Amino acid sequence: MTVHMFGNTCSPAVANFCLRRTTEDGEEIFGSAAKEFVNNNFYIDDGLTSTPLDTDAIPLVKNTQALLATANIRLHKVVSNSIVVMESFPAEDRIDNLKDLDLKVDPIPVQRSLGMHWDVEKDAFTFRISLPEKPYTRRGVLAIVNSTYDPLGLITPITLGGRLLLRKLTDMRNKRSGNNQLLGWDEVLPSSLLNEWLRWRDALYELQDVLIPRCYHPNNFGQITRVELHAFSDASEDAIGATVYLKLVDNKERVSVSLIFAQTKLAPRRLTTIPRLELYAAVLTTQATRRVLKELTIEVNEVVFYSDPKVVLGYIQNEKRRFYSYVANRVQIIRQISSPTQWRYVGTSINPADLATRSISPKQLLNTQWFQGPEFLRNPHQLSPSSHVEMPLNEEDPEIRPLLALKLNAQQHVKGFGSRRFERFSRWSTLRRAVARLILKIRTFKLRRDLDGEKSSMRPAHPNSENIQRRISSDLLKSAEEVLTKTVQGESFAPEIDALTSSRVHSNRTLTHKEHNHKTSHLYRLDPFLDEYGILHVGGRTRCSHQTYHEKHPAFLPKDHCLSYLVINHYHEKTHHQGQLISQGAVLQGGFWIISCRRMVSKLINRCVTCKRLRGKVQEQHMSDLPFDHLETPPPFTNVGFDVFGPWVIHMRKLRGGTSNSKRWGLIFTCLNSRAVHIEVLDSMDSSSFICGLRRFFAIRGPAAVLRCDRGTNFLGGKTELENALNEMDQDSIQHYLSEEGCQWLFNPPHASHFGGTWERQIGTIRRVLDVMLSKLGPRQLTHDLLVTLMAEVSAIVNAHPIGVLPTDPDHPQPLSPALLLTMKT
């Protein structure tokens, strides 16, 4: 592949790789100077370098041309501030606008390289201003502000004015439109800022008179003996600035100072204090100096930083006090790049970085110390800022964290490792295994010490030491349990243990200690004793039983102790969150007698999330208000609810082969106020049969105002024969008949059978009465007339039930019933 695409993302990297690979291959033939020139001073296809003499530049360029020619890369468009150098190359290798010129007679035009304008004859950087015609809008301001290219920040005091004006436009509200919105990109500038914009734009043409020497080494300057970098920082409410100057001293003590880099940033929109902005400027200065040091190829003997606020110098030099995050983070950045001994105080009047924080015109800039640096740098006899002087901090500075005075009032000596550490564990098993591992490590250490003596540290570890430490046996867990119990008892039952230790010990370890245990002790009636490990156990009279030792003599644990709660929670989970009795019994079987165990178990169960979820109170449905037609007091059967129930198979007539059967259904009407019932028998489930039954009901009981029933959609996909039959009824014809009778037919919501609980309950009562009646008749004796008769009798029985509570006093009147309201008879 000999050609590479120009517009690809990887094209610059590929081009640089090709150049570097070419220099590596031809270094032995063309020398290392050509290689260094290509590797360090090329930017894509432009190469810029400086040499002390003409005789150094000519062979360098020719060797580089020959080196790159090996890879078919042509190095041409040569331009130099030396006529001797340019004449040493043919015209076709010079830049285009120099090919036809007589270099000794004709003026050499200004050249442009990497965006910078270079006056070759004067060997200085300059600026060519060509401002296009742009509208006086925010978009036009942005285009002109960004048209001035200044990569080294040499004219930042001039460009700062345009940037500040652009920020004002960005934050300005459009008051002319009345909606108080931000000023648009294409809206005309307000008159208050238009004149300011025109003055700044017209002043840019004065930049063409600014000449900045390209070479930091002046003509007729002697041999350089010392190189220094001096960096200045400053801040204002509008911007923060940093400037870096290069100071050269020759063998005759002559001094040359040049501005090599400057940078300006607008201050944050959010209001902040001036000391914070000054500290931010110091950070910007150190970072700029680090970049300059990286690019310089000469050795720098000293780097000095300057700042005019003393509070910033106090922040940087501080070694005793702590700051809040904003100051602390930025001081850390500064001290990573520089040392506090490198910082000096400089007055505002001689600080060149002050110019970078305020906007000035090009004419004013030429009359300042901006390009040459302050006088004390150029004049060695003038008094310079003093060397490193410690700047005290103001104790009332809000950025300083207040000191916390801690005073130790008392000391508590805990024997052993103390039980407070147990509070860090949430499970008994975890705590026990942790202590078991600690015991294992102690035993391993003692074993090595006993075997190897003082030289044990020089010998290698036991090959199976890691496996030994990983194995935790049941004996170790038992030992850990004993250590935990003994530690807690030593803190909670110290008086009882001291009394038992000083008492007389018999052969069977029974203690005559009641005179030592005062009757106010919680353990007095439990006959406590100490075992051979010094653990306090319950005595009692069951020493001769065949139970295990821990079941006969459980160990004491204090009430409301963290270890007691860990033990209770362990056995509560072990019994799968059973109740108080089972959990308390499991603790006792585990060998622990906890003081006030019953109360602690109840408290733990009340806090247990699993127990609350499994045994929590069942939620109860909050019943809604009763319908209005249930609460009125109209005559019976004014507000009615009805439903169909059945069917029943009846015998119609006898045939030769048997009997002819038919089905009958019951249509129940329930008064929603008095709970009276009326039953009609239907011989089919079509609409005409239902309307006939409804007409009979109206003829006997009178017209109804409201009729309620289940919605027909409740029976979709019916499961019984009754449901299928109800779906086949013509609802339109029924509605038409009811509208003529002046009734309102209300349907219950779908899938809400509980809305019809009034008549559903009555249907259940009717079915129970009918079941008894039909059981006495037999399966083949039910006819239509008999079913109608039974329905009438069932209605009388149901309507006779009392509405209220039965009286217990014989003087009370008879209880009220639906039949009494219908017939007005007792």
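Let's start at D560, which sits in the loop between β16 (555-557) and α18. Helices and strands here are DSSP runs, numbered from the N terminus, with at least four residues of H or I for a helix and at least two of E for a strand. D560 has a positive phi of about 60°, although it is not a glycine. With a relative accessibility of 42%, D560 counts as partly exposed. On that scale, buried means under 20% relative accessible area, exposed means over 50%, and partly exposed lies in between, with a 1.4 Å probe and protein chains only.

A quick word on what you are looking at: this is a predicted model, where local features need pLDDT of at least 70, side-chain atom pairs count only at pLDDT 80 or more, and totals for chains, interfaces and linings use all residues. Residues are numbered from 1 along each chain as its sequence is written, and side-chain values use heavy atoms, with hydrogens and water left out.

F637 also has a positive phi, near 60°, and is likewise a residue other than glycine. Is F637 buried or exposed? F637 is buried, with a relative accessible area of 1%. You'll find F637 in the loop between α22 (628-631) and β18.

That takes us to β18 itself, residues 639-655. Strand β18 runs antiparallel to β19 (residues 658-671), and 13 bridges join them. For a pair to count, DSSP has to find at least two bridges between the strands. V649 has K663 as its bridge partner in β19. β18 also runs parallel to β21 (residues 706-709), with three bridges joining the two, and there G641 has R708 as its partner. Strand β18 also holds P647, and the peptide bond between G646 and P647 is cis, with omega about 5°.

Now to helix α20, residues 597-607. Which residues of α20 are buried? They are C597, M600, V601, L604 and I605. Those residues lie on the same side of α20, because they cover an arc of only 135° around the axis, the arc being that of the directions from the helix axis to the C-beta atoms. As a reminder, an α-helix has 3.6 residues a turn, so residues three or four places apart point the same way. R598, N606 and R607 are exposed on the other side of α20. The cover over the buried residues includes α18 (562-574), α19 (580-589), β17 (592-594) and α21 (609-615).

Next, an open sheet of four strands, in the order β3-β4-β5-β8, with antiparallel pairing. β3 (111-113) and β8 (212-213) stand at the edges with a single partner strand each, so one side of each has no neighbour in the sheet. Two bridges link β5 (residues 124-126) to β8 in the antiparallel sense, and F125 stands opposite I212 in β8.

I44 is found in the loop between β1 (42-43) and β2 (46-47), and is partly exposed at 34% relative accessible area.

Let me finish with the whole chain. It has 28 helices and 22 strands, and buried residues make up 40% of its 826 residues. Of the contacts with a separation of 6 or more, 64% are between residues 24 or more positions apart; a contact means heavy atoms within 4.5 Å.
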